[in-house]
Amino acid sequence: MKWHTLAVHAGTEPDPLTGAVMVPVYFTSTYAQEAPGVHKGYEYSRTHNPTRTALEVALAQLEGAAYALAFSSGLAASDAVLRLLAPGDHVIASRDLYGGTYRLLRRVFEPWGLQVDFVDTTDPACVEAAFRPTTRLVWVETPSNPLLQVSPIAALADLAHSRGALLVVDNTFATPYLQRPLEMEADIVVHSATKYLGGHSDVVMGALMLNRADLHDKLRFLQNAVGAVPGPMDAFLVLRGVKTLPLRMQKHSENALKIAEFLATHPKVTKVYYPGLLTHPQYLLAKQQMRLPGGMLSFEVKVASVEELEGFWRALQIFTLAESLGGVESLINHPATMTHASIPEEQRLALGITPGLLRLSVGVEDPDDLIEDLKNALSKIS
Ligand code: P1T
């Protein structure tokens, strides 16, 4: 089945009881049993809920995976993956990473006993050098948040497997429409479904997709035993969202390229980070492992502090200053004080998350309006 067809139909069969074309929202916490243990496959909604099951079937199909599991947030999904490890195990993670994932590794799992190194995963040699006998997992965000660094999935999968470690890819920025990590031999794909999968900034959810039955069994156990599951309404919203995923991603990508090209020629912009620009250090790799470069980009303006951006924020009329990304509306974020504030300042600066770094989640509005909005706001920076 081709992508646009799959996105519309994955996980949704007409309801056998009524013929409803959309999966009903099963607002129920429990299910009647004929006798103890005799039921229709559903016992309790932490364990299974039909709306969530439909979503998990759809997400697995979209990612080309044997299994998908839905969680109450992207971080809850990431937490489940890290619980596969044991105290003393070593993790190699991308240096450029969502601030919340960094915080989960540093402030939750390091005190618990994991050892974590943050390295430049765009270069397999850096990853190779970080391996220890206890390395069990390589965690890669590609493209990364917020600097849009692109890491070579197939090469990292080979490397991880040759050392007996798993490769986990956070595919949130790309989505399964633009990038298929499992086909490049990654072991587990993580998503914040809050973003493009949901697509409308109205739900918080996470998902894991994978092919290995043994890992699936362990993660399915954790999903139920820990209980960080999404409710049925959230499952419905994401199931509705994914139907337009390819349409939206094409438009997000088209708009982002136009904006990146505009920013690259603007005198007040010192740097543009977008994998679709020829000047991006991993332009060719992105072209090879992604269908399109996506809707996220970052850029830098020359300011010494966030205070100097006050006029810029005030002038914006279409871009909304907010955390998160991946919705139909355009958002702008200041990583140093917002999404990546949990990374120590010295480390942020070393990475390139400066006071003048701005991150855009380019929406599906008319690109001329978006460019006009940025042009006007940039004129307010002295
Ligand atoms: O917010 P949550 O659904 O828990 O997802 C966490 C997460 C995981 N991975 C990536 C790449 C992410 O970007 C996020 C969440 N990011 C933001 C809220 C943000 O504005 O960057």
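The model is a predicted one. Its largest pocket holds about 420 Å³ of space, and seven of its strands form an open sheet with mixed pairing. Strand E6 (188-192) belongs to that sheet and also supplies at least two residues of the lining of the largest pocket.

**The largest pocket**
- The lining comprises 25 residues, with Gly74, Tyr98, Ser192, Thr194 and Lys195 lying nearest the centre of the pocket.
- Like strand E6, helix H3 (74-82) contributes at least two lining residues.
- Both domain 1 (3-244) and domain 2 (245-378) take part, each giving at least three residues to the lining.
- By class, the lining has 12 polar, eight nonpolar and five charged residues.

**The second largest pocket**
- This pocket has a volume of about 290 Å³.
- Among its lining residues are Glu13, Asp15, Tyr26, Tyr42 and Ala54.
- Nine of the lining residues are nonpolar, two are charged and one is polar.

**The sheet and its helix**
- Read across the sheet, the strand order is E1-E7-E6-E5-E4-E2-E3.
- Strands E1 (67-71) and E3 (115-119) are at the edges with a single partner strand each, so one side of each has no neighbour in the sheet.
- On average, neighbouring strands are turned by 20° against each other, direction ignored.
- Strand E5 (residues 166-170) runs parallel to E6, and three bridges join the pair; Asp170 has Val190 of E6 as its bridge partner.
- Helix H8 (residues 213-226) packs on the sheet, where it touches E1, E5, E6 and strand E7 (206-210). The direction of H8 makes about 20° with that of E1.

Definitions and conventions
Residues numbered from 1 in each chain as written. Predicted model: local features only at pLDDT ≥ 70, side-chain atom pairs only at ≥ 80, totals over all residues. Heavy atoms only, no water. 1 Å grid on protein atoms, 1.4 Å probe; cavity = no way out; pocket = protein on both sides within 12 Å on 5 of 7 lines; lining within 4 Å. Points joined across faces, edges and corners; volume = space filled by probe spheres on them. Helix = DSSP H or I, 4+ residues; strand = E, 2+ residues; numbered from the N terminus. Nonpolar A, V, L, I, M, F, W, Y, C, P; charged D, E, K, R; others polar. Domains from an automatic or database assignment. Pairing = 2+ DSSP bridges. Axes fitted to C-alpha atoms, helices over the stretch in contact; angles between N-to-C directions. Contact = heavy atoms within 4.5 Å.
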